[in-house]
Amino acid sequence: MTLNEKIGIITGNGQLNSSRRCVGETFAVPRLGIPSFCLSDGPAGLRLVKNVTGFPSGINTASTFSRRLMRARGEAMAEEFRGKGSHVYLGPAMDIMRNPKAGRAWESFGPDPYLNGEGAYETIMGIQSVGVMACAKHFVANNQEHWRYGLSADLDDRTLHEIYYYPFLRSIEADVSSVMCAYNRFDEISSCHNADLLGPDSQLRKDGFKGFVVSDWGATHDSASENADAGLDMEQPGDWILIGGGVYGSHLKSAVNDGSVSVARLNQMVARILAPWYRLGQDTGYPPLSFNTQKPDGSGPLNQNVNVRSDAHTALVREIASASAVLLKNNRTTSDGATLRGLPIAKSMIKTVAIVGQDAKQLRQNCPGGLNECNDGTMVIGWGSGSNSLDFVVPPIDALTSFFGSSAKISTSLSNDLKAGPNAAKGNDVAFVFVNAMSGELGSYNIVVGNMGDRNDLELWWDGGKLIQKVAAVCSNTIVVVHSVGPVYMPWSTHPNITGIIYAGAPGEQTGPSIVDVLSGAYNPRGRLPFSIADTESAYGTTIVYDSLDGFPTIRYLEQLLLDYRYMDAQDIVPRFEFGFGLSYTTFTYSRLSVAKSSNPSALATFSFTITNTGPVDGTEIPQIYVSYPESAGEPKKVLRGFDEVKIGAGQSELVTMSLNQRDFSIWDTDSQSWVVPSGTFMVLIGASSLDIRLEIAL
């Protein structure tokens, strides 16, 4: 390859280039048959592209606690990326939810590193099985939107490895094709020219990462040689975009010519980018690019409106949305076998229905950039580059109206008006109240309802809490559905007239049909909270830094390993709803725990136990394994180290087997720079949530 050809492979063709068709592109090498590589958002499906599916968010995928669905979602998204001709899926996101208000935390899998790691691993395995490159992001400690372009995340080595790096380690084990370095500085050095993070002696490379490191858009600063020698392989979008960029291109060419960047390093950069293109078979038979993100509604050869949607994808989105719905409360009352109050709703017993809240109605699909920035209507996804298609959203109002048909009289108040809502609900057999809270990306996106990416607080938007209380005051069978990017305050949850609460998250386009499946009992809820819901922000032990008098702040991660349930355990805080919690329409018991030890590092201990469905309907239980380390290890009181999904028929029992490997029992030892199993007695805790432990055994 010529020098110019090499430079073109590693440099984006420009954010302001009118011929750019994808979110990010490289320059083609026609004489060698190498196309322009198309890099596309995002973590929940193709963005700014027509005739694609609006998949559920990462946080909803985490709520399923299902490796099966995590991988299936990855496969389905990759089928659409490939079908449209895009080479790189810019995901999965695995930014730890350090604080529940973090604007983009919903793109990832929550505050727990183990759950994030499994979500990342399974997503990547699914994506790359279809021949699409995955890109693990954002490396590393990218945990708030305010000041994200230059804040410094300062944390100790053990916290880095056990919390923020851990999902990237799992990504490497999935043979991820690329890693995206973050906007923020890490220990005072910009992430994209931080040799400790990206260089040949970094943990990333020591752990076997063979792919390429690509910058976040405009996250490059200083000289070409600094970035190249620190380990950055590809710069996107390739030019300066207000916050940075424009480091490679002609500047890198000059650096190679004057010897400040070696030809060997340049060749390495190119090889790392081309290798996954060959490895995943993209060099033969790959579909041509068929869209233009700059003109998604336009016509012409680059907007062929190739339809990659399918019935199978729609069904999967609906299943994940239902499987991620978390039943938080169910005060069910019956008479003669029929449900009078609570869930599942008995259609034959209900003659009058109220549907209340603007979150029940169709969202505006003409918001800037195709994003649901206005929060006017049902919330299916957050805003920003992690958003996706809104073209095929089926809102709750449509699905509920279809479900009841002519069997019940339906009253509606599709706003959050505090007078109209209660008036519509008064005296009805059941009132459904839909409320939400949203967040998204800072940057070129609008401030949404006064929120600059990160949420301002943990309140429901549009007086949602007040609306719930006023409706509950006039309807003795009030069912609340919360669509949210993360935890919200729920002081109203104990109201006696609130008979059911479902946390439905950011479920994607099939939001209406999926929630009706759960409400009606067609789908027995089995979702689990991937975070805790507490009554105060202080219960989480961290804050978002909104203001800084000295410019970009230094944020010290003084909480170290204590995030979410780990912090609450340490402080003896009992949340309103704990990590891993979720109810079902049936009940389960655990019994007969046994353990088999082994010298095999991939299965040091294998646990067998029986789960029995003691209720009246078939259901799926989500057993979770937590490990309590010897006190001398300096770990939290307990940490998640395993989970499974177990389908069990009514009255039936299933033998469950789960194994823990050597790393599951290990801590990061900073002296030896390795994973080490501490000496002492471990307790292995098995249960239905972080606080609902059913079985335990000492090792």
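pLDDT is the predictor's confidence in each residue, on a scale from 0 to 100. For this protein the mean pLDDT is 95, and 98% of the residues reach 70 or more. You're looking at a predicted model, where local features need pLDDT of at least 70 and side-chain atom pairs count only at pLDDT 80 or more, while totals for chains, interfaces and linings use all residues. Residues are numbered from 1 along each chain as its sequence is written, and side-chain values use heavy atoms, with hydrogens and water left out.

**A stretch to treat with care**

**Domains**
- The protein splits into domain 1 (3-280), domain 2 (319-531) and domain 3 (588-698), with bounds that come from an automatic or database domain assignment.
- The centres of domain 1 and domain 2, taken over C-alpha atoms, are 34 Å apart.
- Between these two, 44 residues of domain 1 are in contact with 46 residues of domain 2.
- Together domain 1 and domain 2 bury about 3,400 Å², 55% of it on carbon and sulfur atoms; buried area is the accessible area (1.4 Å probe) that two parts lose on being put together, summed over both.
- R47, K101 and W106 supply 19% of the area that domain 1 buries against domain 2, more than any other three residues.

**Nonpolar cores**
- A nonpolar core is a set of buried Ala, Val, Leu, Ile, Met, Phe, Trp, Tyr and Cys residues joined through side-chain atoms within 4.5 Å; buried means under 20% relative accessible area, exposed over 50%, and partly exposed in between (1.4 Å probe, protein chains only).
- The largest one has 119 residues, and F139, Y164, L204, L252, F432, I502 and L519 touch the most other members.
- Helix α11 (residues 263-279) gives the most to this core, six residues; helices (H or I, at least four residues) and strands (E, at least two) are DSSP runs, numbered from the N terminus.
- Domain 1 and domain 2 each give this core at least three residues.
- Apart from it there's another core, of 47 residues, with M97, L328, A354 and F531 among them.
- Leaving out residues up to four places away in sequence, L519 touches L343, P344, I345, L400, F432, I479, I502 and Y585.

- F139 and V140 are joined by a cis peptide bond, with omega about 5 degrees, and V140 sits in the loop between β4 (133-139) and β5 (152-154).
- Another cis bond runs from L343 to P344, with omega near 0 degrees; P344 is in the loop between β12 and β13.
- E188 isn't a glycine, but its phi is positive, near 80 degrees, and it is partly exposed at 36% relative accessible area.
- V449 isn't a glycine either, and has a positive phi of about 50 degrees; it lies in the loop between β15 (430-437) and α15 (464-472).

- Is T542 buried or exposed? T542 counts as buried because its relative accessible area is 4%, and it touches R98, N99, E537, E559 and L563, not counting residues up to four places away in sequence.
- S348, in the loop between β12 (338-341) and β13 (352-356), counts as exposed because its relative accessibility is 57%.

Key: Contact = heavy atoms within 4.5 Å.
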